[in-house]
Amino acid sequence: MRLTFPRMGNSHIPFKALFASLGAEVVVPPPSTRRTAALGSRHAPEFACFPLKMTLGNFIEAAELGADTAVMAGGVGPCRFGYYAQVQKVILQDLGRDLDLVVLEPPKLGWIHLAHQVSRLTGGRGAGALLRAVRLAWAKCNAVDEIERLARTSRPRQGERGAVTRAENAALDLLDRAESARQVQEALEAGRSLIARTVARRTAEMRVGIVGEIFMVLDGFSNMDLERRLGEMGVEVHRFLTMSGWVRANLLPKRYTPAEEREAVGLARPYLDHFVGGHGLESVGGARLYAREGLDGVIQVMPFTCMPEIVAESVLRTVSGDTGVPILTLSFDEHTAEAGLQTRLEAFVDLLRRRRRGAAGG
Amino acid sequence: MRVYLGIDVGSVSTDVAVIDDDNRLVAGAYLMTRGQPIGAVQEALQAVSDCSQRGMVVCGAGATGSGRYLAAAIMGADAVKNEITAHAVAAIDRVPGVSTVIEIGGQDSKIIIIRDGVVVDFAMNSVCAAGTGSFLDRQAARLGIPIEEFGRVALCSSRPTRIAGRCAVFAESDMVHKQQVGHAVEDIVWGLCQALVRNYLSNVGKGKDIRPPVAFQGGVAANAGMKRGFEEALGYEVVVPEEHKLMGAIGAAILAREACCGKTAFRGFGVTHERFVSRGFECDGCANSCEVTEIHSGGSTLARWGGRCGRWACAKPAVPWRAGSVV
């Protein structure tokens, strides 16, 4: 079995660790590029959202490298994502790609089905091997999130443009190569000091919170390096959506859901009292949370035509009026132009900066 | 006299403004970009170059518009700002108490919401370019009306023809249809202006708190039919600033004056005679195939941009980068 999976930000680091320690031959899909987007868009339905197109592109590129089995997440609820694996299966079949899709449905659909799918991937190895693999992957998952968080808070304070991004990449590379939980810890410490060395100032000029659809928020290629662009403009970026947070919220009992995410869902209540799919509730409540924490602004990120986030967007206008926090909505797909994004971001940061100056009495 | 120069390099037009310490316009020019931004920047600078003979010293320069990085590389700039900020700054200076800015340029349109002299919200057209200058230009040409006359023709109508305004392509085919069933040209032109105003208000202005005073600027503000369309739709007067065509450049000049500290980065009017060569190539470093652009002059690379990674970062960027600065 030559196993692959879709890319989403840096999730390939824990995924690779998980499957490799289960003894599978892992084919990591090449980093997402314009070619990935072009392949996915060409073969996907035009009105499907960008995550379907990108992950389909990942599967095709991995198949070119010899992958024969792919793991894809399923899902339930109003978001179309739950249906994507089935659509991709058919598209890959039509393309003549011999790629067997193993769909992991969320445990609320039944542990037995999930256990059966997982056993296909473990090749009949025992629970001990599975536990060891999960522990290594979980350590990497948390470490990757921590490095990303440090990069988000350090970038606006870096002494030289690009220094944090270089340090972050070096740190992620160390994590990728770690082979045990202890090595992960060592890599994390080394990564921390690499990033700490780039910092030249104590505080960032302003803070902005990012909410939205999780794939687009986490995947730097798909959101055109939004966090890097903001960081280089002097903005400290906050977000509670992370890989480890997703695992806690979706695969573990409710009490393990990250506190901020749980709080956000509660804060959405007066505005939106109904599950709308995806992270719609978290977007609405997250904007209120960030407003309460005194952040300068909020950016909502979504793929073009994303239903849950469009519902959230219309509610966010009221949230912005009530809380006074400026909110910018950005939607992305294969047609998004870099110049338009850059202009909107620069204008938004100018807006926040002038507001801040106005508030300071200047 | 100390003066500050601003330039707005847009997709269709390039405008330049020279202001004094009190933000008063002392020279300005409005030209067509014609797809040649380098030439347009040089021509625009040439048009105001007699400033130096009139005893004025350029103490700061600013660039805005989609060609702002290019303009900054050619002439040297102290402020390089997006066009939303530039237009807002100019409107706040020129229109007392302005609360809303409607700006319609060659290929994009924007709305800027201002409260107490501070921008609080904005939007740009995202899916459709109907109603922008390029579309009006094309329709004027198709109807055989010079673009300068377009607004006046619209004002002659008292019975507008209803035109579908959701999309430029549909609007055009609907206009052709209405012409063929015999509607008068002035009624079609006025109907088109109304359709484009509807399109703007429901796409760009969607969900925005539009309040008077409203400033209408950009090239399309010269069109009296569009002004009347906005006034009928909003129910109150819309202000078209006297210098509406130069507002982007005036904003850039004001921003340059604010950014100025000591020595200006402006390279002087000599750049109008310099030979600049731009070169574009596709990077072969990875499958992203980034389109990288370089500007050369006299054997040295002035600026380079377009790469996703740091590989093509220029040794000497057009604007010196400081931690936390927006370039």
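Predicted model: local features only at pLDDT ≥ 70, side-chain atom pairs only at ≥ 80, totals over all residues.
Residues are numbered from 1 along each chain as its sequence is written, chains are lettered from A in the order in which they are written, and side-chain values use heavy atoms, with hydrogens and water left out.

**View 1. Salt bridge between A:R2 and A:E25.** The count over all chains comes to 45 salt bridges, each defined as a side-chain nitrogen of Lys or Arg within 4 Å of a carboxyl oxygen of Asp or Glu. The side chains of A:R2 and A:E25 meet at 2.3 Å, N to O. The pair links distant parts of chain A, 23 residues apart, with A:R2 in strand β1 (residues 2-4) and A:E25 in strand β2 (residues 25-26); strands are DSSP runs of E with at least two residues, and helices are runs of H or I with at least four, numbered from the N terminus.

**View 2. Salt bridge between A:D273 and A:R269.** The closest N and O atoms of this pair lie 3.3 Å apart. A:D273 counts as exposed at 57% relative accessibility, while A:R269, at 41%, is partly exposed (buried is under 20% relative accessible area, exposed over 50%, partly exposed in between, with a 1.4 Å probe and protein chains only).

**View 3. Salt bridge between B:E231 and B:K227.** Here the closest N and O atoms are 2.8 Å apart. Both residues belong to helix α8 (residues 224-234) of chain B, where they are four residues apart and therefore separated by about one helical turn.
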